[in-house]
Amino acid sequence: MILPVEIKVNVDGDVQEALAALGEPRGGTRKRLIWFAEGRDGVAEGRLPLLDGGVIVRLRSGDTPDELTVKLRPCTEEQLVGPFTRPFEEESFEYRIEEDLAGSRRTLAASATGTHPQAALLDAVAPGADAAAPLGVRQREFLRGCAPGVRIDGLVALGPIASTKAEDVPLDDLEADLERWAVGGLDFLEVSIRVKPKEDEEPDAFAERVARKQRKLESAVRVRGIPSGNPESKTRRVLTALVPVRP
């Protein structure tokens, strides 16, 4: 199975200047608040047990229906068992497998996302609430089968992170998404495109096309005078800022 690849470039420097240089989106712009759920005891001890175990629990609420995502990243194909070896969709639920590519860092990720009515997740991120309470049956099945041993109940929500996402921004012959995250003293921008395999495309041909798209994206950012770097994921950057990890 050839998997879609999301190619990412993290922008360093002034976010407002970068946004002005990148231009206006053809698609919509979404504003949302994001929380990440972590083990309550671990956070109290200055640890990030879920993130360090390759598990991400993310809650989003804003001007679109709320979303609760459970993601394994990094993961291996051997971890994915039962119905979770292939992508599928059900009512108010999507399961996706793809690769993340940032610089030379390539990571396999599997995510199970449930949609909820707008503002329905706000109770789960309130002080003292269990952020894992709204997890659906499929999401718990995903964790039991593909990440057994991960303790998922009794989580605390960390955030909110202010997120603004602009879709379909023309960069030369590419259509990119821009996502800005701001929390505390952090304010940074990610530029990304998603490459999907074509019907009957051979793995080598797809890999070559992904490599060309990555070069084009990195060049499009560079020629606009925008410094890039720091391939570390957005999630780890904000969580280590929200929870100073103790040695």
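This is a predicted model: local features need pLDDT of at least 70, side-chain atom pairs count only at pLDDT 80 or more; totals for chains, interfaces and linings use all residues.
**Stop 1**

A reminder before you start: most residues other than glycine have a negative phi, and most peptide bonds are trans. Now look for the exceptions.

Select Arg 73 and Pro 74. The peptide bond that joins them is cis, and its omega is near -5 degrees. Where does Pro 74 sit? Look in the loop between β4 (66-72) and β5 (88-90).

Next, select Gly 159 and Pro 160. Here too the peptide bond is cis, with omega near 5 degrees. Pro 160 belongs to a strand, β8, which covers residues 155-171.

**Stop 2: two positive phi values**

Select Ser 92. Its phi is positive, about 60 degrees, although Ser 92 is not a glycine. You will find Ser 92 in the loop between β5 and β6 (93-102). Ser 92 is partly exposed, and its relative accessible area is 44%.

Move on to Asp 200. What is the phi of Asp 200 near? The value is near 65 degrees, which is positive in a residue other than glycine. Asp 200 lies in the loop between β10 (186-195) and α5 (203-223). Is Asp 200 buried or exposed? Asp 200 counts as exposed, because its relative accessibility is 70% and the cut-off for exposed is over 50%.

**Stop 3: helix α5**

Follow the chain from that loop into α5, residues 203-223. Pick the C-alpha atoms at the two ends of α5. They are 30 Å apart.

Now color the buried residues of α5: Phe 206, Arg 209, Val 210, Gln 214, Leu 217, Ala 220 and Val 221. Turn the view until you look down the axis of α5. The buried residues fall within an arc of 140 degrees, so they line one face of the helix.

What do these buried residues pack against? Show the strands β1 (5-11), β6, β7 (105-116), β8, β9 (174-183) and β10.

**Last stop: after the helix**

Step past the end of α5 to Gly 225. This glycine follows α5 and has a positive phi, near 75 degrees.

Conventions:
Residues are numbered from 1 along each chain as its sequence is written. Side-chain values use heavy atoms; hydrogens and water are left out. Helices (H or I, at least four residues) and strands (E, at least two) are DSSP runs, numbered from the N terminus. Buried means under 20% relative accessible area, exposed over 50%, partly exposed in between (1.4 Å probe, protein chains only). The expected span of a helix is 1.5 Å times one less than its number of residues. The arc is that of the directions from the helix axis to the C-beta atoms. Contact means heavy atoms within 4.5 Å.
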